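Subject: Structure for your review

Dear colleague,

Please find the structure below, followed by an account of what was found in it. I would be grateful if you could read the two side by side.

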Amino acid sequence: MSASTPSLPSRAEVLPPPTERYTVLGWLRKNLFSTWYNALLTVIFGVIVILLLRSVVEWALTQARWEVITANVRLFMVGQYPTAATWRAWACVVLLALLIGLSWGIWGRNQRAGAIAFGALPFVLATLAQDEARIALLITGVAGVIGFALSRWRGPQLQRISIIGWVIYFPLVILLISGFGGANSPLPLVPTNLWGGLLLTLLLTVVGIVFSFPLGVLLALGRQSSLPIVRALCVIYIEVIRGVPLITVLFMAQLMLPLFLPGVTIDRVVRAMAGIVLFSAAYLAENVRGGLQAIPRGQYEAARALGLNTWKMMLLIILPQALKAVIPILVGQFIALFKDTSLVVIVGLLDLMGIAKAVLAQPDFLGLQAEVYLFVALIYGVFCYLMSAFSQRLEARLSAGR
Amino acid sequence: MTEPNHSTDPIIICRDVHKWYGHYHALRGINMQVHKGEVVVIFGPSGSGKSTFIRTINRLEEHQRGEIIVDGIRLTHDVRDIERIRMETGMVFQQFNLFPHLTVIDNITLAPIWVRKWSKAQAEEIGMQLLKRVGIPEQARKYPGQLSGGQQQRVAIARALAMQPKIMLFDEPTSALDPEMIKEVLDVMTELADSGMTMMVVTHEMGFARAVADTMYFFDQGQIVESGTPEQIFGDPKEARTKLFLSQILSH
């Protein structure tokens, strides 16, 4: 090879990086017993963890009276939602499984372990459940698998359909759950005072997210507006709401709205939803503003120089980048919103926490706080973890190729 | 008024343009006429107002006194007039300012689709022709962050050209580039000038100016100190400040 002509380096010159592979023992050695004081700390904390866990596990297996959960599962899930209409809630779950399966096959590549765990979940739960619930869970699992299989078979063609599916899913759920008309309509109306449990918690959360997100973005844009009145109104709104606790906003929504709108009766659940949306939007606006400020001025100038008007510039250039930058913060806020919905207890709604309190008041199950609250915590924990995991996937996906 | 050296009417007319930043008087009465197909090079020390001036042409900066008429449209506060002028003037920035969340081809087709209302297929066809013209059609599906500085600036030129502007504004297009990438961008600009595009270029690349410019303007302290053809400016500069500045940037 002559020295003057450049050519590709030969294989031998391009070495792969050293691989880091450990045996179990090697991993333990590196991470837990690398020095004498690390080894000491490992042993001490190991003993503490074992002591703590042992008593908890012992309690859970021998002393805990889990029948408080099994006897009230229905109450925890849907509250006093009428038995004759329970199938509607199940229909929502089955549809959700179908959509998740479909989307997972289209967008969620290389996540085999997660897909299997998620797909197996309904079947595992079905073994624990009885009667109708078992059948419904089995149908849910099958729906998820069908969705996944469909997307593997005809993925690209189904992309548009699944996006449309997600968009209409939300109003469809509201329609299914609330129903319309009298006793002889195909979907008789279920008044919102019968909504409860996890169903109510999830509905409050989803409505909160779906409506507060656009409102928050608008407020953030308004706060940056060059029109002084718009800007002032947005600033006042954001600062007032942020200066008030959520409980106060919920009380105001319950007590003040009827005063402002005499003669109009607004549903209690809707009033709570309005309170949550208005509260969450103010915080969202500040988080989105943080993302907007991270966008360099050159992006605005380039968009303007191409002749884009303000709305197109915001929708096509600025917001996509700003929102991507604040995904972790936004999801953190949505998780907080999910947990904050438990405050609706104080305005008399029976969400998951409200049901927990009601169950604890049953004469048969007095004094079983530990069991009930652990169960509720588990449900909250699972949903929060799912939201957080989803946001990490989304982030990784959106930053691909940059 | 200077005698027009082209037969056509001027496409850019600036009369007594002033601009202040707070109390700082950045532009102090700029008069300039640019004709169709003319290539204008603006040079001068930093802080001389040359970038500010070129940015007043498409209203990225607002002038506070005087008059700017672009392609027959007088620049005022009328937003629709401003957007019309921006459709007819492409701009290339020092820092490229590509949209990092869009692929190269989407960067180029965005404005034609959303402002000119072309179909996606039509916009992409013209986008690919432009990428070929600037020499990087194979990069169409990549993101800007995956390209070198020179490639990014060529994409930025293609993006500006995609709107089929009558005028191209270049604000120090090679100042942020590594030396070995300057030529590839200047080559594209030279080809563009040869094709008859009306161009206004703020640059320190004197080789480019000598080869391509019809008229050169030397800016200092917010004013035009001297103007003329490259032969006049390089061969026989009249003003002492012009001589000094040229000797400083040509000495190495």
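With which residue does A:Arg223 form a salt bridge? The partner is A:Glu239, with the closest N and O atoms 3.2 Å apart; a salt bridge here is a side-chain nitrogen of Lys or Arg within 4 Å of a carboxyl oxygen of Asp or Glu. Because A:Arg223 lies in helix α8 of chain A and A:Glu239 in helix α9 (residues 228-242) of chain A, the pair ties together parts that are 16 residues apart in sequence. Helices are DSSP runs of H or I of at least four residues, numbered from the N terminus. Over all chains, the structure holds 22 salt bridges.

As to conventions, this is a predicted model, in which local features need pLDDT of at least 70 and side-chain atom pairs count only at pLDDT 80 or more, while totals for chains, interfaces and linings use all residues. Residues are numbered from 1 along each chain as its sequence is written, chains are lettered from A and ligands numbered from 1 in the order in which they are written, and side-chain values use heavy atoms, with hydrogens and water left out.

Between the chains, 20 residues of chain A are in contact (heavy atoms within 4.5 Å) with 22 residues of chain B. Chain A and chain B bury about 2000 Å² between them, 63% of it on carbon and sulfur atoms; buried area is the accessible area (1.4 Å probe) that two parts lose on being put together, summed over both. The count between these chains is 1 salt bridge. The side chains of A:Glu301 and B:Arg55 meet in a salt bridge, at 2.5 Å from N to O.

Within chain A, an automatic or database domain assignment gives domain 1 (25-54), domain 2 (85-190) and domain 3 (192-402). The centres of domain 2 and domain 3 of chain A, taken over C-alpha atoms, are separated by 24 Å. These two domains of chain A bury about 890 Å² between them, with 78% of that area on carbon and sulfur atoms. On the side of domain 2 of chain A, A:Phe170, A:Ile177 and A:Val190 lose the most area to domain 3 of chain A, together 51% of what that side buries. Across the interface of domain 2 and domain 3 of chain A, the rule finds 0 salt bridges.

Yours sincerely

Key:
Helix = DSSP H or I, 4+ residues; strand = E, 2+ residues; numbered from the N terminus.
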